[in-house]
Amino acid sequence: MKTTLAAHLLLALAAVTAPALAAPAGYTIDPNHTFPVFEVDHLGFSTQRGRFNKTSGRITLDTAARQGSVDVTIDAASIDMGFAKWNDNMRGENYFNTDAHPTITFKADRLVFDGERPVSAEGSLTMLGVTKPVTLTINRFRCAPHPLNKRETCGADVMATLKRSEFGMTKYIPSVGDDVRLLIAVEAFRE
């Protein structure tokens with residue numbers, strides 16, 4: 001009798017929790033562990049890198065339905081090239097023009113899955129007031145309880161390549177490369 005009662009309780013619990021696990025889950029981007037980094041050729045001598053220190057946003061995942069969305073905002077003025085004078089130059093009209101365009105956004109309503117793992121996000125990047133389609137490749141994706149705070153956390157390494165000239169950023173092309181490689185470490189906590 002105890003076995004039958006226990007079995008019924010487990011089945012009832014599974015029936016109640018299964019829809020919740022299959023439902024879309026929302027995640028808030030962790031601004032302390034999410035940093036968009038970019039790389040660009042500098043006069044053929046080196047690859048210069050910069051990053052943005054302030055990123056916010058939300059990700060929705062429904063692994064059972066193989067669907068999801070991404071909505072990310074980058075504070076363009078948080079650019080960090082390593083020293084103040086260069087940061088000021090990059091915030092100016094020739095590059096990110098942060099007074100007129102304070103944010104960079106990426107919005108995707110289509111995630112491509114390989115099984116239960118998202119492998120790319122197809123969406124639109126808006127920078128300098130120009131919106132273009134961009135596909136982000138998702139590498140090293142993982143969701144699990146965070147070892148320190150125990151909250152469910154998803155993380156990934158994301159990458160893409162774009163042409164800055166398509167967004168109107170043409171200063172010093174071709175001396176400073178037109179192709180810009182994006183590398184984004186992202187972590188997000190389940191809401």
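Is Arg91 buried, partly exposed or exposed? At 25% relative accessibility, Arg91 is counted as partly exposed, where buried stands for under 20% relative accessible area, exposed for over 50%, and partly exposed for what lies in between (1.4 Å probe, protein chains only).

## About the model

This is a predicted model, in which local features need pLDDT of at least 70 and side-chain atom pairs count only at pLDDT 80 or more, while totals for chains, interfaces and linings use all residues. Residues are numbered from 1 along each chain as its sequence is written, and side-chain values use heavy atoms, with hydrogens and water left out.

Arg91 has a salt bridge with Asp88, and the closest N and O atoms of the two are 3.1 Å apart; the term salt bridge is used here for a side-chain nitrogen of Lys or Arg within 4 Å of a carboxyl oxygen of Asp or Glu. Both Asp88 and Arg91 belong to helix α2 (residues 84–91), where they are three residues apart, about one turn of the helix. Helices (H or I, at least four residues) and strands (E, at least two) are DSSP runs, numbered from the N terminus.

Side chains of opposite charge can pair when their charged atoms come close. A search of the whole structure finds nine salt bridges, and the pair of Asp88 and Arg91 is joined by a salt bridge of this kind.

## Pairs between strands

A salt bridge also brings together the side chains of Asp71 and Lys107, at 2.9 Å from N to O. This pair links distant parts of the chain, since Asp71 is in strand β5 (residues 67–75) and Lys107 in strand β7, 36 residues apart. Asp71 is partly exposed at 34% relative accessibility, and Lys107 is likewise partly exposed, with a relative accessible area of 45%.

The side chains of Asp179 and Lys163 meet in a salt bridge as well, at 2.6 Å from N to O. Asp179 is partly exposed, with a relative accessible area of 44%, and Lys163 counts as partly exposed at 34%.

Thr105 is found in strand β7, which covers residues 103–114, and Thr105 is buried because its relative accessible area is 16%. When neighbours within four places in sequence are left aside, Thr105 is in contact (heavy atoms within 4.5 Å) with Val72, Thr73, Ser124, Leu125 and Thr126.
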